[in-house]
Amino acid sequence: MSQTIVELQDIVVTYRAGFLGGEAFEAVRKVNLSIREGETLGLVGESGSGKTTLGRVCLGLLAPTQGVMRFGGAPFGTLRQRRGQLSVVLQHSEWALNPRLRCGASVEEPLIILGVKPDERKRRVTDIFDSVGLGDGYVDRYPGQLSGGQRQRVSIARALVTEPRFIVFDEAVSALDVSVQAQVLNLIMDLQHKYGFGALFISHDLAATRYVSHRIAVMFRGEIVEDAPSERFYGTPDHPYSQMLMSSLA
Amino acid sequence: MSALVEIRDLVVAYDGGGGATRGLDSAELYVASGETLAIVGESGSGKTTIGMSIGRLLPPEARIESGTITVDGVSVVDVDAEALRQLRRDRLGFVFQNPMTALDPTMRIDRQMIRAIGGKPSHDAIALLLRRAELDDPERVMRSFPHELSGGMAQRVIIAMAIARSPKLIIADEPTASLDASIREKVMDTLGRLREENGASMVILSHDLRLVSRHADRVAVMYGGRVVEIGQSATVLEQPAHPYTRALIAAAAGNEKPGERLEPILGAPPVLRGPCRKCAYEPRCGLARPECANSRPEARLVAARAVCCHFAEEVVEATSDAGEARTE
């Protein structure tokens, strides 16, 4: 049994509008989730259902209003303590990468912050570019010189270079073409085999999510209404909302 | 059925650093009146170029080098500015991918609707049009600025504008790509219903094959600036005759069984500097043979659809075998 990386217990996140309280909105209500090493949990739901909020909680970017988040079996602590252990890949790679830095420099940055020595850094950057299927030539290119799929590979390389234990993919393939999407999904699965990270795959595209995930959690109005193995989503899932999502795949 | 749009031998080039590239390489297409045609393909295949050329809505760096575009009897390539304006205003309706960039952020919806309808429409006329696009609370929508609407609502406003003057043709460029999966179907249904009420034709540009299979009568698959396969949706998508169509279907998540691996299309679409004298798909095609690199396949009829491939019969046969194997 592999170790649980991220564990959420009774997480509640409340957003308050306006000054001094105002109207409260519960974006996430009493959510329990766990993600193990080497496992991908898919998180699907419509806009405003709380997917991204939950992703931010898992990354430690947002402190929950109530509930406990544990990372690797211990309390999360501060972001500084967790440097290099978790990472994120976002939807728009053209905004996620600094347009004025060469791709190699963008990927190297996390290692500089971790205090890795220069020759070691160079080796790891070369290795990771190789792992994501980009040759040496791409290290010296600017993000603007790459296609969408190649740029997303660079983002994944940067997320992976510190060998994190947990990665959040927030709509990471939604902006890509069908054929490129398949390449990137296959890449994510291959890299997980190699590095064994746990992953949270957030998307509103059920087809891509069930392909890449081991388990899928369906979120509806801030609650997880169904949490089942992906195979369930090739047949008939239990919750009416999940069935509604499935109908768009028929 | 008569042809509403007829595109013949169209060549469009984009000027840019390092010389011109071809967006369309002798593309041919016709749209019958009353039908829904979907154009699918990867980014860079030319689907947006061909869709926008129907209204001559191409960016300034694009040049129409040769060919003809006839829309409802008007020759779009050489018509004067005033007649083109009239064509766009009275006979074409456009729905773009991102409603938030298509709407003017500084103007309330009612004022934008007045501009789309033209003249001095009454308050009720605007509300009625919004209601036809299935917006439940038109009063609130009319008072709103675009940023106060959700993506789905904004797209419905765009749809209302597109049908405001009862166009003969609606051109929808990725109409639901920026929307949530759960409302995509509903928005497409609205669009389809309004098309039918107007008796208009519709051209959908999309890379979502599932959406296309449900909402389009015919599908045109584009590659390298040409239509490489065109026919009834069910025929083309269930039994493709072009290797590229087959690869597109195999790469899309949704039809695989649990544990099955998707097959991405390796390599990238070609960047054409001039006319392509071979099969543009040849470098990426698993079935490629010497002929493919030497002669350009022309469109011919194979198994009830037009296809540009020297070996289309083999592809059809291979896919029907695979289909039978699956049903066994």
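Helices (H or I, at least four residues) and strands (E, at least two) are DSSP runs, numbered from the N terminus.

Before moving on, a word about what is on screen. This is a predicted model, in which local features need pLDDT of at least 70 and side-chain atom pairs count only at pLDDT 80 or more, while totals for chains, interfaces and linings use all residues. Residues are numbered from 1 along each chain as its sequence is written, and chains are lettered from A and ligands numbered from 1 in the order in which they are written.

**Stop 1: around α5(A)**

Colour the buried residues of α5(A), among them G149(A), R153(A), I156(A) and L160(A). Which elements cover them? Show β6, α2 (93-96), α3 (103-113), α4 (118-131), β7 and α6 (178-195) of chain A, which are included in that cover. Contact means that the C-beta atoms of two residues, placed from the backbone, lie within 7 Å.

Now check the length of the helix. The 13 residues of α5(A) should span 18 Å at 1.5 Å a residue, and the end C-alpha atoms are 18 Å apart, which agrees. The expected span is 1.5 Å times one less than the number of residues.

Turn the view to see α5 (residues 148-160) lying across β6 and β7 of chain A, at about 175 degrees to β6(A). Such angles run from 0 to 180 degrees between N-to-C directions, with axes as lines fitted to C-alpha atoms, for helices over the stretch in contact.

Next, select E163(A), in the loop between α5 and β7 of chain A. E163(A) is not a glycine, yet has a positive phi of about 50 degrees. Most residues other than glycine have a negative phi. With 13 other C-beta atoms within 10 Å, E163(A) is partly exposed.

**Stop 2: the sheet of chain A**

Show the strands in the order β6-β7-β8-β3-β9-β10 (chain A): they form an open sheet of six strands with mixed pairing. At its edges are β6 (86-89) and β10 (223-229) of chain A, each with a single partner strand, so one side of each has no neighbour in the sheet. From one strand to the next, the twist averages 20 degrees. Strands pair if DSSP finds at least two bridges between them.

Within this sheet, β3 (residues 40-44) and β9 (residues 215-220) of chain A pair in the parallel sense over four bridges. Click on L43(A) to find its bridge partner in β9(A), A217(A).

**Stop 3: chain A as a whole**

Zoom out to see eight helices and ten strands in chain A. Its C-alpha trace spans about 50 × 45 × 40 Å along its principal axes, and 44% of its 250 residues count as buried.

**Stop 4: where the chains meet**

Bring in chain B, where 23 residues are in contact with 23 residues of chain A. On the side of chain B that touches chain A, α8 (181-198) and α11 (243-251) of chain B each supply at least two residues. Which element gives the largest share of that side? It is α8(B), with four residues.

**Stop 5: strand β8 of chain B**

Select β8 (residues 201-206) of chain B, a mostly covered strand with six of its six residues buried. Which residues point which way? S201(B), V203(B) and L205(B) point one way, and M202(B), I204(B) and S206(B) the other.

Two strands to show beside β8(B) are β3 (residues 36-40) of chain B, paired with β8(B) in the parallel sense over five bridges, and β7 (residues 169-173) of chain B, also parallel to β8(B) over five bridges. L37(B) stands opposite V203(B), and D173(B) has L205(B) as its bridge partner.

**Last stop: D9(B)**

Finish at D9(B), in strand β1 (residues 3-14) of chain B. Its phi is near 50 degrees, a positive value in a residue other than glycine. D9(B) is exposed, with 12 other C-beta atoms within 10 Å.

Note on methods. Buried ≥ 20, exposed ≤ 12 C-beta atoms within 10 Å, placed from the backbone.
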